[in-house]
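Please open the model in your viewer and keep the sequence panel beside it. The tour below goes from one selection to the next and says what is there at each stop.

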Amino acid sequence: MGERLLPEWHHQDAVQLTWPGPDSDWAPLLERIEATLEAMVVAIARYQSVLISVPDPATRTHLERRFTSLGVAASRLRLVVAAADDTWARDHAPIAVERDGRVMLLDYVFTGWGGKFAAERDNTLTRRLVEAGVYACPVISHDLVLEGGAIETDGEGTLLTTEACLLNPNRNPALDRDAMEARLRDDLGISRVLWLANGHLEGDDTDSHVDTLARFCDPATIAYVRCDDQADPHFPALAAMEAELRALRRIDGEPYRLIPLPWPRPCFDPVDGHRLPATYANFLIINGAVLVPVYGDAADTRALAALAEAFPGRDIVPIDCLSVIRQHGSLHCLTMQLPQGSLAE
């Protein structure tokens, strides 16, 4: 009996989101991030359901009315009161595997990316949703620190990740590379791990989550961030990452089909001027579509075209994420897909 880590393109019941409260780091930008989340919900609900944890009953009532006014069918929306520290569902929501044809959700430890931020409520959110009867499948707790944004899979036993995150001593200091690979094999059914030693984005709090850098689009295709500006401080590390990707091989020994994603012009925080982690790799695959972060940049159009090439037959839906990067994440970071068989009716 073994597990299989499900790829993002596996058929989904819903996408899980965490709505910000007025006491979160989003307070100065609350209206802006809520507008972005509303746009995401409206887009996702055209294809499948959305599960949203909300901070309090008043927010639930407000959102029920708001989404009704936006034309979202009540059958496509589930709102559950469960307060959190922040909105990054990718990293505090459960990770789905399949065991003997049945979906299971794995609840890992979340520490605010190695203790950088408060995460106590985030870390217990999955258990509270279990108590609320949200999930239709078993949910198993694990003592490993692991975030969904740190791992990518082809659904066939290969996992893509970065050394900077999974081997960072601020996560699981007792585990070296071999021990981490053994744990991933036991928990997720992984047969091999492809490690990236290079690649980072300024303003990223996650220690180089792979979902900001390189993503499986299907078992043979990887879309990745390419910096074409030699004067940009990102250029050396991303060029080295590109070389690593070119050297990777599929299980059958063939090279991956690589789709470079364009480099947007630098985005800076309007308050203190620090650089923000704008990336087109932070897209979300859902049933029949791909939601793509855009930044009001000339490169947006090229990014949408590149991902249309990567995902033939799926709608490509742009979502303005300029407000999202103000808190150092982007579209994919806000979401977690729940595969078919995981959401209770």
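Start with the largest cavity, which has a volume of about 250 Å³; a cavity here is a set of points, on a 1 Å grid over the protein atoms alone, where a 1.4 Å probe fits but cannot get out, and its lining residues have an atom within 4 Å of a point. Grid points are joined across faces, edges and corners, and the volume is the space filled by probe spheres set on the points. Select Leu 6, Glu 8, Arg 90, Thr 153 and Gln 337, which are the closest to the centre of this cavity among the 21 residues that line it. Strand 5 (95-99), strand 8 (152-153), strand 11 and strand 19 (336-339) are the elements that each give two or more residues to this lining, and strand 19 provides the largest share, 3 residues. By class, the lining has 11 nonpolar, 6 polar and 4 charged residues, where Ala, Val, Leu, Ile, Met, Phe, Trp, Tyr, Cys and Pro count as nonpolar, Asp, Glu, Lys and Arg as charged, and the others, Gly among them, as polar.

Before moving on, note that this is a predicted model, in which local features need pLDDT of at least 70 and side-chain atom pairs count only at pLDDT 80 or more, while totals for chains, interfaces and linings use all residues. Residues are numbered from 1 along each chain as its sequence is written, and side-chain values use heavy atoms, with hydrogens and water left out.

Next, select strand 11 (214-218) and strand 13 (257-261), the edge strands, each pairing on one side only, of an open sheet of 3 strands with the order 11-12-13 and mixed pairing. Helices (H or I, at least four residues) and strands (E, at least two) are DSSP runs numbered from the N terminus, and two strands pair if DSSP finds at least two bridges between them. Strand 12 (residues 221-225) runs parallel to strand 13 and is joined to it by 5 bridges, with Thr 221 standing opposite Arg 257 in strand 13. Contact means heavy atoms within 4.5 Å, and angles run from 0 to 180 degrees between N-to-C directions of axes fitted to C-alpha atoms, for helices over the stretch in contact.

Which residues does Pro 233 contact, leaving aside its neighbours within four places in sequence? Select Pro 233 in the loop between strand 12 and helix 8, and show Glu 202 and Arg 275, with which Pro 233 is in contact. The C-alpha atoms of Pro 233 and Glu 202 are separated by 9.0 Å, although these residues are 31 residues apart along the chain. Glu 202 and Arg 275 also belong to the lining of the second largest cavity, as do His 234 and Trp 263, among others; the volume of this cavity is about 70 Å³.

For the last stop, select strand 16 and strand 17, which pair in the antiparallel sense over 3 bridges, and find Leu 284 opposite Leu 291 in strand 17.

Key:
On a 1 Å grid over the protein atoms alone, a cavity is a set of points where a 1.4 Å probe fits but cannot get out, and a pocket is an open set with protein on both sides within 12 Å along at least five of seven lines; lining residues have an atom within 4 Å of a point.
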